[in-house]
4 protein chains.
Amino acid sequence: MGKLVRFSVSIDEGLINAFDALSQDMGYTNRSEAIRDAMRHRMVRREWEAGDEVAGVIMLLYDHHRAGLSETLTEIQHHALDEIISTTHVHVDADNCLEFVAVRGESHAIERLADRLISLKGVKHGALTGTSTGKRIV
Amino acid sequence: MGKLVRFSVSIDEGLINAFDALSQDMGYTNRSEAIRDAMRHRMVRREWEAGDEVAGVIMLLYDHHRAGLSETLTEIQHHALDEIISTTHVHVDADNCLEFVAVRGESHAIERLADRLISLKGVKHGALTGTSTGKRIV
Amino acid sequence: MGKLVRFSVSIDEGLINAFDALSQDMGYTNRSEAIRDAMRHRMVRREWEAGDEVAGVIMLLYDHHRAGLSETLTEIQHHALDEIISTTHVHVDADNCLEFVAVRGESHAIERLADRLISLKGVKHGALTGTSTGKRIV
Amino acid sequence: MGKLVRFSVSIDEGLINAFDALSQDMGYTNRSEAIRDAMRHRMVRREWEAGDEVAGVIMLLYDHHRAGLSETLTEIQHHALDEIISTTHVHVDADNCLEFVAVRGESHAIERLADRLISLKGVKHGALTGTSTGKRIV
């Protein structure tokens with residue numbers, strides 16, 4: 001946390017009332033925090049578009065009975081040590097696994113890694129979700 | 001435009017600097033306007049999820065040589081007069097047409113109408129983009 | 001429409017049954033068309049990421065009482081004649097207007113144009129929705 | 001894996017060539033797998049909209065120096081034992097933490113849990129990413 005600055009915003013009464021109602025509905029107890037989150041949300045998207053250093057998670061749903069898949073997943077991840085922080089594995093049922101690969105690095109390199117993992121035969125569904133490293137987004 | 005209210009927000013110095021840089025990059029000349037837009041963006045998404053009265057556009061890319069397609073598109077639209085405001089047609093090249101159907105109504109009814117148009121044989125690509133009617137979002 | 005080719009796909013019985021049920025629910029009367037649409041959907045996203053020539057619509061919701069806004073919107077659009085095909089204007093109520101700007105051009109140029117229009121003071125909400133020109137996506 | 005069925009699809013030559021090029025670029029070595037993935041992608045979105053039993057990950061970026069935040073995060077998670085499978089914690093730098101909460105349950109309950117966690121003061125950015133439990137999506 002750096003230095004706090006305070007500034008004022010002028011907003012139409014109808015807009016701020018509607019925003020407050022929505023924020024409360026989403027669980028916010030504080031208007032400033034809801035506004036800061038709306039601002040940060042926009043900034044994360046831009047960090048990804050700009051090719052900045054970012055963080056995120058690659059989620060993979062797969063059937064672990066598929067021959068060779070677990071080995072290939074492990075092999076690819078071991079060649080991406082620079083980007084991968086850790087991997088969590090969850091057993092969904094007798095067949096299905098969920099794997100969450102925490103990643104960090106240049107946004108386009110992470111997108112390529114995600115493409116490569118998601119396109120493997122046996123991976124039923126996958127998605128990359130991006131966030132920030134939090135350095136610029138305080 | 002209703003009554004303007006003015007309130008203050010406290011924000012970490014690093015966050016507001018990063019937000020100002022992004023806003024300038026996006027063309028904003030005014031910090032308050034960038035903040036209001038980030039707030040409104042969030043509210044539009046919720047209006048759609050809540051099944052409120054909303055507005056939007058259904059975009060359709062299709063090949064007008066496909067037999068019967070233009071007639072079917074027209075026929076479906078004439079049975080959705082309550083939701084459809086107007087339709088704009090653009091000739092992309094000798095084969096491809098773009099159609100923009102301006103819509104207004106309950107969000108889930110509009111989603112069903114979009115599904116129906118987009119799923120037609122000959123429609124190559126389609127998308128529904130939502131906005132607000134602007135009543136609650138000032 | 002070019003030459004049709006026919007090829008076979010092998011799919012788990014459970015997957016194709018679930019996909020057929022979803023397709024029917026979305027209004028598809030034909031499995032091949034539902035599969036082609038799922039394929040095209042993926043390709044449109046890539047055309048945009050790759051900076052290809054694309055098409056789309058910029059949707060703007062604004063209050064026409066805002067001094068100078070209509071003029072600025074018109075002015076910017078007249079300086080983007082290469083990208084803008086046509087503009088449709090819809091009166092939502094006494095205050096709110098919806099404008100749909102049909103665009104075509106290099107994807108990143110269109111994104112910058114959309115940013116510039118959406119960031120204007122008085123534009124309450126805006127969104128860019130992308131599609132293809134239909135040349136590569138048959 | 002259930003029984004495999006084989007069926008044929010007819011597709012315009014230009015479309016299948018463009019799709020093959022994209023698939024190769026994304027790392028697919030097999031056309032059928034690229035087509036199955038495009039189909040599954042669509043189905044996951046519908047499971048979420050329909051309120052089915054789904055799975056996913058809630059990603060949270062936060063500053064662990066924020067007083068009381070870690071305790072509140074833990075407290076909320078302990079009251080959502082039905083939905084939460086496991087939590088992975090990653091140290092991004094001296095200040096920033098990334099937490100990945102693996103979840104499973106009815107889609108709208110998971111959305112509410114995500115809202116509640118993301119709206120906490122000190123959580124800088126958060127996102128919910130949905131996938132399937134893999135039961136219907138083979």
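Colleague: Why are helix α2 of chain A and helix α1 of chain B called oblique to each other?

Modeller: In this predicted model, helix α2 (residues 31-49) of chain A and helix α1 (residues 13-26) of chain B pack at an angle of about 60°, with their axes 10 Å apart. Angles under 35 degrees count as roughly parallel, over 145 as roughly antiparallel, 65 to 115 as roughly perpendicular and the rest as oblique, and α2(A) and α1(B) are therefore oblique. Residues are numbered from 1 along each chain as its sequence is written, and chains are lettered from A in the order in which they are written. Local features need pLDDT of at least 70.

Colleague: What makes up the contact of α2(A) with α1(B), by class?

Modeller: Contact means heavy atoms within 4.5 Å, and among the residues making it are A:Arg36 and A:Met39 of α2(A) and B:Phe19 and B:Asp25 of α1(B). With Ala, Val, Leu, Ile, Met, Phe, Trp, Tyr, Cys and Pro counted as nonpolar, Asp, Glu, Lys and Arg as charged, and the others, Gly among them, as polar, the contact has eight nonpolar, no polar and five charged residues.

Key. This is a predicted model: local features need pLDDT of at least 70, side-chain atom pairs count only at pLDDT 80 or more; totals for chains, interfaces and linings use all residues. Side-chain values use heavy atoms; hydrogens and water are left out. Axes are lines fitted to C-alpha atoms, for helices over the stretch in contact, and angles run from 0 to 180 degrees between N-to-C directions. Helices (H or I, at least four residues) and strands (E, at least two) are DSSP runs, numbered from the N terminus.
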